[in-house]
Amino acid sequence: MRKLPPAHRLRWMRALLLALPLLSLPLLYAALGAARASTQAPRSPQQEQRQQGRLGSGARGPPPRLAYLISGAGPGDGPRIRRLLRALYHPWNCYLVGVAGEEDRADLEAFVRGEEPLRRYGNVRVAAAGEWGAVTRRGPTELAATLHAAAMLLREFEGWSWFINLSASDYPLMPQDDILHIFSYIPRDLNFIEHTSNIGWKEHQRARPIIVDPALQIPNKTEVMTTKEKRSLPSAFKIFVGSSWVVLSRSFLEFCLLGWDNLPRTLLMYFTNFLSSSESYFHTVICNSNYYQNTTINNDLRFMAWDNPPRTHPVNLTTEYFDAMANSGAPFAHSFRNDDPVLDMIDAKLLGRAPNRFTPGGWCLGSSLGGKDPCNFFGRSFVLRPTEGSAKLEKLLLKHLEPDNFRPKQCK
């Protein structure tokens, strides 16, 4: 084969170098196409764990933020809420605490000031006296307090994705790292709210009575008054009832509070005369809204146990229910007696939390050797270190997202 003269070889090399960017475009396009395909069909969290060796370290961006409302049920709940906050705290989330008693409020404000992580991250807020008053459990003041709390969280904390309401008698069943990690893989417009249109006995005991909630106008008055007259069921919308414990998307709460549609406002006026309206307002709004009725998952993500036949409230959970709670996949449980021994079991076996310490997670950089507190040294707040327990929450969510469970159980 005849060799090209040096001048010809130089020209060919220059042409090849100029053509390389054009030749690389198809390869770059193919690579970007593959990346898009992998984004549209992401691996499961556990596949990501096996692939990367550490959950939450993939290139999915920061995890979602959770906004918690923790409310006290009565005087003396301060110590219970302190324990709950230590078990529930994560610097990536935000927390609003509402208690009616001045002594409990002062106790919790001192707790927030005295704990270094809470001071540093500034993500725990105790509602002031004028922001949180007496609440009637069976009246609309509980619903009003929940809506007010959601508005405060929207105003004071940016970027959160879900709102979760808890009481002093609730407790988490897994670290926040587990919840944040699994919630990173689901659409942020989903709403976890147990609901049904089969209201049964609640029609005559809750929907038809005409009530007055004195707590709307008289401080420290918490008993609902009823009249002899009854009212008919509405025909403009369909009533839904369910659990008052919810996990609601930021988008849906903005819809309820900002009111660009008149439905939330209309229903709020109706539910001022509805017993236990917190067990029906959000459920009725979401299922009568064309915007949000397809975003519901018919589960409240709480473990509860009931008497047989069931009563108005679930039973208090004890060590007898520990295995069922641990295997349920639910991130929270309701309800517990103050300092019940089962809480110590949850701390030790599910949360990895020592007494009077925060639940450790990826944000804790210290060593636990020799009984030291790993959360004495802080890292980046969005770094997660999920445990094996996150697989149970993943399994629970996948079950409710199956075709036989998801659409057929929405607003029925």
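Trainee: Which cysteine does a disulfide join to Cys287?
Mentor: This is a predicted model, in which local features need pLDDT of at least 70 and side-chain atom pairs count only at pLDDT 80 or more, while totals for chains, interfaces and linings use all residues. Residues are numbered from 1 along each chain as its sequence is written, and side-chain values use heavy atoms, with hydrogens and water left out. A disulfide is taken as a pair of cysteine sulfur atoms within 2.5 Å. With an S to S distance of 2.2 Å, the partner of Cys287 is Cys411.

Trainee: Is the disulfide of Cys287 and Cys411 left-handed or right-handed?
Mentor: The torsion about the S-S bond of Cys287 and Cys411 is about -80°. The disulfide is therefore left-handed.

Trainee: How many residues apart are Cys287 and Cys411?
Mentor: Helices (H or I, at least four residues) and strands (E, at least two) are DSSP runs, numbered from the N terminus. Cys287 belongs to helix H11 (residues 281-287), whereas Cys411 is in the segment after helix H14 (390-400). The pair links distant parts of the chain, with a separation of 124 residues.

Trainee: Are Cys287 and Cys411 buried or exposed?
Mentor: Relative accessible area decides this, with a 1.4 Å probe and protein chains only: under 20% is buried, over 50% exposed, and in between partly exposed. Both Cys287 and Cys411 are buried.

Trainee: What is the handedness of the disulfide between Cys364 and Cys375?
Mentor: The sulfur atoms of Cys364 and Cys375 are 2.1 Å apart. The torsion about their S-S bond is about 75°, so this disulfide is right-handed.

Trainee: What is the pairing when the bonded cysteines of the chain are numbered in sequence order?
Mentor: A search of the whole structure finds two disulfides. In sequence order, the pairing of the bonded cysteines is 1-4, 2-3.

Trainee: Which residue does a cis peptide bond join to His334?
Mentor: Omega at this bond is about 0°. The residue concerned lies in the loop between strand S14 (332-334) and H13. It is Ser335.

Trainee: What is the relative accessible area of Leu301?
Mentor: Leu301 is in the loop between strand S12 (296-297) and strand S13 (302-303). Its phi is near 60°, a positive value in a residue other than glycine. Leu301 is buried, and its relative accessible area is 1%.
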